[in-house]
Amino acid sequence: MAFESSLKNSKFGSKLKAVLSRSQNSLFDDKVNTVISSFSSDLFTYLKKKKKEICIFLDDFHNIDESDEVCTALNYFLEYIPSNVHLIFISRREPVKINYPKFLAKNWLGKITKDDLSFSESDVKKFIRLNKLKTNRIDKSVLNAYIKSTEGWVTAIQLLLIRNKYNVIRNEDLAYGKSDIFEYFTYEIYSHLSDEEKKLLLALTYPEYFNRHLIENVLDIKGGYETILKLHERNIFISRQDENFRFHELLRSYLKKIANETFTAEETLTFYRKLGKYYLKGNEWREDYIGLNYLILAKEYPELQNWIKMNASEKLLLIHSSGLYKIFDGIQDLTFRNSLEFILLKVNTFVYKDKNTDKALDYLGSILRKKYKIKTEDSILIPMKKISMTELDYYVEILMLICNCMFLKDGISKDNIKISEHILKFKLRPEQEIQFIVSLVKSYIATGENSKSQKYMQRLAELFELIVSLKDNDDKSLDENTFIESIFSLIIFFDYGDYKKGNEIISFIGNNIDPELFDLSNLSQVCFALFTSYDKSSFEYYFDRLQIKNTEKNKTIFSAYKNQFEFQAILKKFLDHEYKKVISELEILKNKTHLRNYIYFIDALILYCYNLLDLPDSVLRYCDSSDYNVSVTRAYILKMEAYLLKNDFSNFFLLKKEIAGRGEGNFTKFNQAVILFFECYLFAVKDNKKSFKVKFEKFISLSDEFGYENYIKFRAESNRLNYVFAYAKKNGIKTGYLKKLINLDSVSLSTDNKKEFEITVKYFDNNRIFINGKELIDSIWMRPRSKSIFLYFVYKSKKNQAITKDSIIDDLLYSAKKVNFEAIADVEINNVRKSLQNFFMEEFPEVSGKDFIVLKSKIYYLSIGNNDLRFNFDTDEFMKISSGIISTDSLKIIDIYKNDFALGLYNNWAEDIRDNFKLIYFKTIHRIISFTEKSCNQNKLKKILEKLCESGNSDEEILTKLLTIYRKEKNDKRFIQVYDSFIKRLDKDLNFKPSEVLKSHYQEIKK
């Protein structure tokens, strides 16, 4: 309402209200981010159109600077603030919850304190003494009152003396502009500089800030750094923060006018070119933004095209909200405008920002029709003989964009089949052939024609071997970007159902591609593939990296949801069996996407969750509902499981007959295995051992051939269908194979609804506790000791160690005070029991009221009624890694060991265990470091050391090694950061001082 009333005759306020109303059913963080993103983008567009800028003042910010919600939202807004919007905080204290130190350090924000606007007392006295002739003419009491009232503000005092009209003190007529005063003083200073100093200052008006590296290595100004140090000491309006300097904005503006008249056009373009390439090497969005603007000024269009090619999707929100899109669109160079990169940016804008896929398809169609003179009624599929080899790449890339748009629009597109089958007749480069085969196979799978995919999948396997060979031989025809794109596209093997080949490709990716080259889309592709194959362990490994990448400034709400951290977070909940949460969050997500292909997947996963929750009637009802859209093959799979859960075997057989009529080969290899699994359950329930054995052996054969082991593990922990494995065990069918994968003793021996509960404890991650994926947050415990008692019970139960009242007193409760420990133990255990009852009543009402801690023959046992109980600790994976042979997989121990075992529990039982684990951890870490050093992979060693330092679990040897590497690399920036960050901890926690060599190097580069 405030914006609507302030911005008269505009639609901005009403649009903002519309966004607010649409976000009402969203999660809070999503709601805030949606509003801010829409606000930022629309406000930029409105102001740009009106050729205006706006300043938003947050006055008296100290009144709300302790609000987490406010500060979180403002931090997000500051990440993506448009260039024509300025935010000013006015506060009586530093807003510690605003990320202003980060923004200030990166030169996105300025910081002005009261002291910055004032002379010190000694400055004022000195200034007055130097101007004695003038100040003698002013009444001293009036002058003192003036200085006090202006708090010694430098411009006010300068104004007073220059104007030589002292009655303004009484009249407060301070109309003389501070910029005029500033220009007078800068001129006086600038005129006394040497020619070398002047030239240096003029050159440094081009970057926004400067440091030693930028002066000497980027701009190639030898000796310039020493000159700046001298000028800074003479206090000529150059400010310094750590290693970076910058001009006062008024001085920069004054010098820039002179620079424009001094340097030739070619010299100016050279400055822009050097700075543009320098900033684009950074990892932050702000650096991208600065670098791109410099490259545009330098007319370096090939560099721009390359950046757009790599970032047109991932940074689309930032491209638009920052105003870069308007700048790109304003470039009139025809080569740039006709480039595939610029077309890609336009298409992504139509699809993801405007949410108008038809507009993108019309745009692409018009490009082909204009270039190849195709009549409106004619097909865009041009015969091979009419496309010259020089134009083939262009034609192929446009068709690929059309295929992608069709897939996003319809999800299931037979038009894509026509296009892909047509273009695969041409002589294509390996990466082009891969892209079209992938598009074709996706369409075959979605339309139920998977049998046609086999020859193409064989060809993809050949192409995989080919591009690996090209890479190994360092073939110049395959650049790094093309190589990465091709490899990630080959994850299509997961869609086809060949998880074994898919995992081979992911293994190749992990071993041969620098993780730093992964963007959000790459990591999400891997996560999604591993999700489809039920590979929870590997999924979590890449999900953690996706989470880290997602905090960087390249995230965008315009990316497809399959390529979003938020979407992968929901999939993680599915693998953790949190089906209710998955359904509710997918329903919200579904309302936020207009892309049909993702809606098909979302709907299918929601219905699958209903089956896993044992709600088959909902699945059958929704499969026939217009509110849910799934492919034909997926509907068959969902309905088959639903009928089995209802014991409706007649309808199950009818579906099986329909599937046979369509041809089972038209189902993916994985779905063929799933159908066999369903038949196994049917025959197990009917106790038809002979038929069961035939089907089960086929199921195991397919699982072994295509890598469905993780599906077997998942099914063993899921709904009643896990009876298949109990029946196999009972009859000794393929039991040896199953024992390698699952604990056959834990699977259900009947088809009733008896549940299995898994207690997961992450002792190395702040003692987090989960039961069947539901976290027991600290607020559930009725007393402070309750959580530690439960952790103790769980740890001892898994170790099969007897828990008695005496052991509880000795290990948990004993103190020097003479008290009735037995009574205390009874009270504490009873409160743990009540906390668990409340938790289960909320999360698992079907077992509420059960006794969770029972006493038998003076020994306590954890119990959940007649339901099965299993334990899963991070200590097990820790010990497995630490006791095994060191390999690249051993690095997982760093992710596991987030803090010491049972952190915060100062009990007898925990402290000895904690010290032992800590010793094992550091031994293992040094074995990993030694292993990496022997491999002579310096880059990998550095990354391991950096990760250890970031985790906080490092010792003096690790830190010394890392600082030594930075010193050898002459990486002064990182050396200073690591040295400064850890020097206090080294002294305090490790009783360690850095070597004299490292200390002297630090002092030298800090000069």
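Mentor: The discussion below takes those topics in that order.

Trainee: What average pLDDT does the protein chain have?

Mentor: This is a predicted model, and the protein chain averages a pLDDT of 80. A score of at least 70 is reached by 81% of the residues.

Trainee: Where does pLDDT stay under 50?

Mentor: One such stretch is residues 168-181, for which the model has 22 contacts beyond four places in sequence. Another is residues 552-563, with 50 contacts beyond four places in sequence.

Trainee: Changing topic, how many cavities of 30 Å³ or more does a search of the whole structure find?

Mentor: The search finds three. The largest cavity holds about 60 Å³ of space.

Trainee: And which residues line the largest cavity?

Mentor: Its lining consists of I759, I771, F790, L836, F840, F852, L862, S863, I864 and L869.

Trainee: How do the residues of that lining divide into nonpolar, polar and charged?

Mentor: Nine are nonpolar, one is polar and none is charged.

Trainee: Now the cysteines. How many disulfides turn up in a search of the whole structure?

Mentor: Zero disulfides are found. C403, for instance, is in no disulfide: its nearest cysteine sulfur belongs to C405 and is 9.5 Å away, whereas a disulfide requires sulfur atoms within 2.5 Å.

Trainee: Is C403 buried or exposed?

Mentor: C403 counts as buried because its relative accessibility is 1%.

Trainee: What about C623, buried or exposed?

Mentor: C623 also counts as buried, at 14% relative accessibility; the cut-off for buried is under 20%.

Conventions:
Residues numbered from 1 in each chain as written. Predicted model: local features only at pLDDT ≥ 70, side-chain atom pairs only at ≥ 80, totals over all residues. Heavy atoms only, no water. pLDDT = per-residue confidence, 0-100. Contact = heavy atoms within 4.5 Å. 1 Å grid on protein atoms, 1.4 Å probe; cavity = no way out; pocket = protein on both sides within 12 Å on 5 of 7 lines; lining within 4 Å. Points joined across faces, edges and corners; volume = space filled by probe spheres on them. Nonpolar A, V, L, I, M, F, W, Y, C, P; charged D, E, K, R; others polar. Buried < 20%, exposed > 50% of the residue type's maximum accessible area, 1.4 Å probe, protein only.
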